[in-house]
Amino acid sequence: LPPIIVEPGQTEATAVVGDFIDIVVDEVAGTTIATPNTDILEIYQAREEDGAVFNPGAKAIAAGNAVITVTLPDNTSYDINVTVTE
């Protein structure tokens, strides 16, 4: 299945347990994400690997509501409210 794509500035997303969430950002280098809801989402930071650049993202591991805070290289941030269902 394709990942759930979250566009820059998008503040809500829905996923099913097992889905991957891809957070599209304008600048991958220096962007970080965090969540206090590690029982619902497993976070993956942006990275460069073997010449490929990967956006930050998460895997939905349990049903519930979670918040992902995206912090951009200029230290501004925004929240994405994620609803995960079974």
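What follows is a conversation about a predicted model, covering its sheets, a pocket, an aromatic pair and some loop residues.

Biologist: Which strands make up the sheet that contains S8, and in what order?
Modeller: The order is S1-S3-S8-S5. The sheet is open, has 4 strands and shows mixed pairing.

Biologist: Why are S1 and S5 called edge strands?
Modeller: Strand S1 (4-6) and S5 each have a single partner strand, so one side of each is left without a neighbour in the sheet. The twist in this sheet averages 20° from one strand to the next.

Biologist: How do you know that S3 and S8 pair?
Modeller: Pairing takes at least two bridges. Strand S3 (residues 20-23) and strand S8 (residues 57-60) have 3 bridges, in the antiparallel sense. Therefore they count as paired. Asp22 stands opposite Gly57 in S8.

Biologist: What makes S5 and S8 a pair?
Modeller: The cut-off is again at least two bridges. Strand S5 (residues 41-44) and S8 have 4, so they pair. The sense is antiparallel. Ala60 in S8 is the bridge partner of Leu41. Ile43 stands opposite Ala58 in S8.

Biologist: What holds paired strands together in general?
Modeller: Strands of a sheet pair through backbone hydrogen bonds, whether parallel or antiparallel.

Biologist: Now the sheet with S9 and S10. What is its strand order?
Modeller: It runs S2-S10-S9-S4, an open sheet of 4 strands with mixed pairing. Strand S2 (12-16) and strand S4 (32-34) are the edge strands, as each pairs on one side only. Neighbouring strands here are turned by 25° against each other on average, direction ignored.

Biologist: How do you know that S9 and S10 pair?
Modeller: At least two bridges are needed. Strand S9 (residues 64-71) and strand S10 (residues 77-85) share 8, so the pairing holds. Its sense is antiparallel. Within it, Thr69 stands opposite Asp79 in S10.

Biologist: How many aromatic pairs does a search of the whole structure find?
Modeller: The search finds 1 aromatic pair. The rings belong to Phe20 and Tyr44, with their centres 6.5 Å apart.

Biologist: Why is this pair called tilted?
Modeller: Planes under 30 degrees apart count as stacked, and over 60 as edge-to-face. The planes of Phe20 and Tyr44 stand at 40°, so the pair is tilted.

Biologist: What makes the pair a tie between separate parts of the sequence?
Modeller: Phe20 lies in strand S3 and Tyr44 in strand S5, so the pair ties together parts that are 24 residues apart in sequence.

Biologist: Which residues line the largest pocket?
Modeller: Phe20 and Tyr44 are among them, and the lining also includes Pro3, Arg47, Phe54 and Pro56. The volume of this pocket is about 190 Å³.

Biologist: Which strand gives the most to the lining of the largest pocket?
Modeller: S3 does, with 3 residues. S3 and S8 each supply at least two.

Biologist: How does the lining of the largest pocket divide by residue type?
Modeller: It divides into 7 nonpolar, 2 polar and 2 charged residues. Asp22 and Arg47 are in the lining, and Asp and Arg count as charged.

Biologist: Why is Asp50 called exposed?
Modeller: The cut-off is over 50% relative accessible area. Asp50 has 83%, so it is exposed.

Biologist: What is phi of Asn75, and where does the residue lie?
Modeller: Phi of Asn75 is near 70°, a positive value in a residue other than glycine. Asn75 sits in the loop between S9 and S10. Its relative accessible area is 66%, so it is exposed.

Biologist: Why is Gly9 called partly exposed?
Modeller: Exposed would take over 50%, and buried under 20%. Gly9 has 49% relative accessibility, so it counts as partly exposed. Gly9 lies in the loop between S1 and S2.

Biologist: How far apart are Gly9 and Tyr78?
Modeller: They are 69 residues apart in sequence and 7.4 Å apart in space, C-alpha to C-alpha.

Notes
Residues are numbered from 1 along each chain as its sequence is written. This is a predicted model: local features need pLDDT of at least 70, side-chain atom pairs count only at pLDDT 80 or more; totals for chains, interfaces and linings use all residues. Side-chain values use heavy atoms; hydrogens and water are left out. On a 1 Å grid over the protein atoms alone, a cavity is a set of points where a 1.4 Å probe fits but cannot get out, and a pocket is an open set with protein on both sides within 12 Å along at least five of seven lines; lining residues have an atom within 4 Å of a point. Grid points are joined across faces, edges and corners, and a volume is the space filled by probe spheres set on the points. Axes are lines fitted to C-alpha atoms, for helices over the stretch in contact, and angles run from 0 to 180 degrees between N-to-C directions. Rings of Phe, Tyr and Trp (its six-membered ring) pair if their centres lie within 6.5 Å; planes under 30 degrees apart count as stacked, over 60 as edge-to-face and the rest as tilted. Buried means under 20% relative accessible area, exposed over 50%, partly exposed in between (1.4 Å probe, protein chains only).
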